[in-house]
Amino acid sequence: MTNSADLVLDGLARRYGSTTAVARMDLTVAAGELVALLGPSGCGKTTTLRMVAGFIEPSEGRILLRGKDITTMPAHQRDTGMVFQSYALFPHLSVAENIAFGLKRRGVPKPEIAQRVARMVALLQLQGLEARLPKQLSGGQQQRVAVGRALVINPAVVLLDEPFSNLDALLREGTRIELRRLQTELGLTTLFVTHDQAEAMAISDRIAVMNKGRLEQLGTPREVYERPATRFVASFIGRANIFVSRDGRSEDGIPLDGPEGTLVLRPERVTLDEAPAEGPNAVAGTVDLLSFLGTGTQAVLRLPGGRQLLVEGPASLADRFHTGGPATARWMRDDLVALPAE
Amino acid sequence: MTSLRSPLGWVLRGMAVLGFIYLLGPLLVIVAASFSDTGYLAFPPQGFSLRWYHAALADARYLTGFFVSLRLAAMVAVLSLIIGTAAAVALTRFAFPGSVLLEALFLSPLVLPALVLAVALTLFFSANPIAPPGMTRLVISHLLVGVPMVLRVMLPVLRRVDPAIEEAARNLGASPTKAFFLVTLPVLRPGLIAAAALAFIFSFDEVEMALFLGSVRDAPLTVVLYGAAQMQMDPTVAAVSSLLILLALLLMVAQQMYANR
């Protein structure tokens, strides 16, 4: 498959009266690419997905799927396969009948339906459950049926609406790796809605960060993490210390050696030691909180100006420092990342 | 869990049996009395005879009444189902100002005694210059209770159904009409059957409104029975009642077999 654009959102917008749910959004998803729509609830990500599926009519803009304008096409004629947050399995149909539903609607001959359903059942490890009704399945099994039902029709684009939010933490991680593997192997163009930044980082080719109906940044997980475009992206993806630097000092008087303007400093870039703070990019404070996370230790340093500086370091931090004691934070010039002027 | 063989288990069994006797005893009395060889209602029955059944089946009033009741109940069931389900869909799928109040209003006729409704409706229709004929009048009156009954059954059924399943069907290539017939309707079917059965049985068994509002010519079976019980009170009444009990029993068994299928 060539790296052509499979799905194009061209100035797509949706307004409800005077409120804007999605504001003129431009997004291109390449063939075989998985793009996450990430943002807090109410940011317009689900509205965008439902416009692509054809359940919500756009107020403005166009949707192109494999070069064809589908903006006004009814939902059932669009070639999309959606996995719903609630799974929305048909409760009166068996696992096999649920998966076969879309193939039957497309008039696929019976022997081929049986063959394709069997292949999907094997791919998703649902063997032996074909005759069960959805209510006789565990949550994880139901989720896999929902995925199978959407993938078996070979849709031009797969739409995932928070597909992991109803699974417990342990199952969630395994399932998302499994889904990513399937998506890569089958080369499925995928639009994936989530509010969980870790989930988006883990399996996406690119992330579209949305806030209040607007697309704040579009980039690979590393790009949005290391080069956030806005203050919102910096604080929503991972954790961030934010300074406004002017004439070598932050707004609360910390000497900074780095670019001017709004700067982002990631907690894991900060180191702690006992030596006195001298020169720029160093500041002394009091340890407010130390929490051991298993993979490391998170610390909160209270600075004289009142700011709480977030620090992430090795597990040994918990041995070298104690709550209420002094510590000095340091970082390098390159760790200060300037946000584009807002 | 308490074993049924323990002393408590035997107490529970005994209570269940007493419960059944209390609930079904009156029916057994009627059925037993219908086989009595006497010319009046007697319990325990004296002798055994099927002649009251012959008399009941030979009496055209009962048979006519039965078919009037059947026609009435069928119309009430179908109309209640359509109106009640439409209202339930509106109340569950769309949030609009006053929807909670409307739901309470819709259900209110259920708590009124049928006699109060009957009197009110009689006054209403007698003051109405374009009052419809007896049967239509009775159907409209029964809908006052039939619609809330359907609503009562369908509201929780609709609230339990995931509204996304219809979208899922459309996403997989079913037109809105197909999605309704392939997914929504089959999922709602057990609820619809239960709701229609309730409305049917209510209308079939109803006496007060039928007495006040029905026409003499098209008297439903309940009205005929009521009249007979007042006039002669012979075992024919018991025989007709027994036949109705048998019919109800068959319907219940059929419904259970459908539900367990």
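Modeller: Let us begin with strand β1 (residues 5-16) of chain A and strand β4 (residues 60-65) of chain A, which are joined by five bridges and pair in the antiparallel sense. Please keep in mind that this is a predicted model.

Biologist: What makes β1 and β4 of chain A a pair?

Modeller: Two strands pair if at least two bridges are found between them, and β1(A) and β4(A) have five bridges, so they count as a pair. To see one such bridge, look at A:Val8, whose bridge partner in β4(A) is A:Leu64.

Biologist: Why are β2 and β5 of chain A called edge strands?

Modeller: The open sheet to which they belong has four strands in the order β2-β1-β4-β5 (chain A), with antiparallel pairing. Strands β2 (19-30) and β5 (68-69) of chain A each pair on one side only, and they are the edge strands.

Biologist: How do you know that helix α1 of chain A lies across this sheet, and at what angle does it run to β1(A)?

Modeller: Helix α1 (residues 45-53) of chain A lies across β1, β2 and β4 of chain A, where contact means heavy atoms within 4.5 Å. The helix runs at about 115° to β1(A), on a scale of angles from 0 to 180 degrees.

Biologist: In what order do the strands of the six-stranded sheet come?

Modeller: That open sheet has the order β6-β7-β8-β3-β9-β10 (chain A), and its pairing is mixed. Its edge strands are β6 (80-83) and β10 (214-219) of chain A, each of which pairs on one side only. On average, neighbouring strands of this sheet are turned by 20° against each other, direction ignored.

Biologist: What makes β9 and β10 of chain A a pair?

Modeller: The requirement is at least two bridges, and five bridges join β9 (residues 206-211) of chain A to β10(A), so these antiparallel strands count as a pair. Within this pairing, A:Met210 has A:Leu215 of β10(A) as its bridge partner.

Biologist: What makes the largest cavity a cavity, and how much space lies in it?

Modeller: The term is used for a set of points where a 1.4 Å probe fits but cannot get out, and about 60 Å³ of space lies in the largest cavity. Its lining includes A:Leu34, A:Leu151 and A:Gln183, while the largest share, three residues, comes from α5(A). By class, the lining has seven nonpolar, two polar and no charged residues.

Definitions and conventions: Residues are numbered from 1 along each chain as its sequence is written. Chains are lettered from A and ligands numbered from 1 in the order in which they are written. This is a predicted model: local features need pLDDT of at least 70, side-chain atom pairs count only at pLDDT 80 or more; totals for chains, interfaces and linings use all residues. Side-chain values use heavy atoms; hydrogens and water are left out. Helices (H or I, at least four residues) and strands (E, at least two) are DSSP runs, numbered from the N terminus. On a 1 Å grid over the protein atoms alone, a cavity is a set of points where a 1.4 Å probe fits but cannot get out, and a pocket is an open set with protein on both sides within 12 Å along at least five of seven lines; lining residues have an atom within 4 Å of a point. Grid points are joined across faces, edges and corners, and a volume is the space filled by probe spheres set on the points. Ala, Val, Leu, Ile, Met, Phe, Trp, Tyr, Cys and Pro count as nonpolar, Asp, Glu, Lys and Arg as charged, and the others, Gly among them, as polar.
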